[in-house]
Amino acid sequence: MTGDDVNAFCLSLPGTKRVIQWGESNVYKIAEKMFAVMGSEGIAVTLKCPDDDTARMLIDAGAAERAPYLARGGWVRINIGTMPDKELRARLEISYSKIRSSLTKSIQADLPVYEPEKE
């Protein structure tokens, strides 16, 4: 995947909007909650793992690094192009799903329908 591919995929997830924050970072949000961040240079993406163990496993395997400024809560930074496209898309979708499910039921009810991709 390229930075453009990450941008297009994130924006394809229902209810996602992109906001430019922290200088020129692309911050992808669902109902004002961040689920991914990509710097303007498009070389890495920061996303939320389902849990700390998954984040630690990715870091230990060399597939990710601790996310700068988001060291707690399962956030990792992945260099784009170092992970197979299908896996990176799945990790982005997991991050989106994790954040979406953390929203209140009333906010979730107001969002567009979301059906995760099936294998």
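Is E65 buried, exposed or partly exposed? I looked it up: E65 has 34% relative accessibility, so it counts as partly exposed. My cut-offs are under 20% relative accessible area for buried and over 50% for exposed, with partly exposed in between (1.4 Å probe, protein chains only).

**Ground rules**

I am working on a predicted model, where local features need pLDDT of at least 70 and side-chain atom pairs count only at pLDDT 80 or more, while totals for chains, interfaces and linings use all residues. Residues are numbered from 1 along each chain as its sequence is written, and side-chain values use heavy atoms, with hydrogens and water left out.

**Salt bridges**

I searched for salt bridges (a side-chain nitrogen of Lys or Arg within 4 Å of a carboxyl oxygen of Asp or Glu). The structure has four of them.

I began with E65, whose partner is R77; their closest N and O atoms are 3.2 Å apart. This pair links distant parts of the chain, with R77 in strand β6 (residues 75-79) and E65 in strand β5 (residues 65-66), twelve residues apart. For the record, helices (H or I, at least four residues) and strands (E, at least two) are DSSP runs, numbered from the N terminus. R77 is at 23% relative accessibility and so is partly exposed.

Next I noted K17 with E32, where the closest N and O atoms are 2.4 Å apart. K17 sits in strand β1 (residues 16-21) and E32 in the loop between β2 (25-30) and β3, so the bridge ties together parts 15 residues apart in sequence. K17 is partly exposed at 36% relative accessibility.

I also found D53 and R56 bridged at 2.7 Å, N to O. Both lie in helix α2 (residues 52-60), three residues apart, about one turn of the helix. D53 is exposed at 54% relative accessibility, and R56 is partly exposed at 43%.

**Aromatic pairs**

Which rings pair up into a cluster? I get F35, Y96 and Y114.

My criterion was Phe, Tyr and Trp rings (for Trp, its six-membered ring) with centres within 6.5 Å; planes under 30 degrees apart are stacked, over 60 edge-to-face and the rest tilted. The whole structure gives two aromatic pairs.

The F35 and Y96 ring centres are 5.3 Å apart with planes at 80°, so I logged the pair as edge-to-face. F35 is in strand β3 (residues 33-38) and Y96 in helix α3 (residues 85-102), so this pair ties together parts 61 residues apart in sequence. F35 is buried at 0% relative accessibility, and Y96 is also buried at 0%.

Y96 pairs with Y114 as well, edge-to-face, at 4.8 Å centre to centre and 70° between the planes. Y114 is in the segment after α4 (105-110), 18 residues from Y96, and Y114 is buried too.
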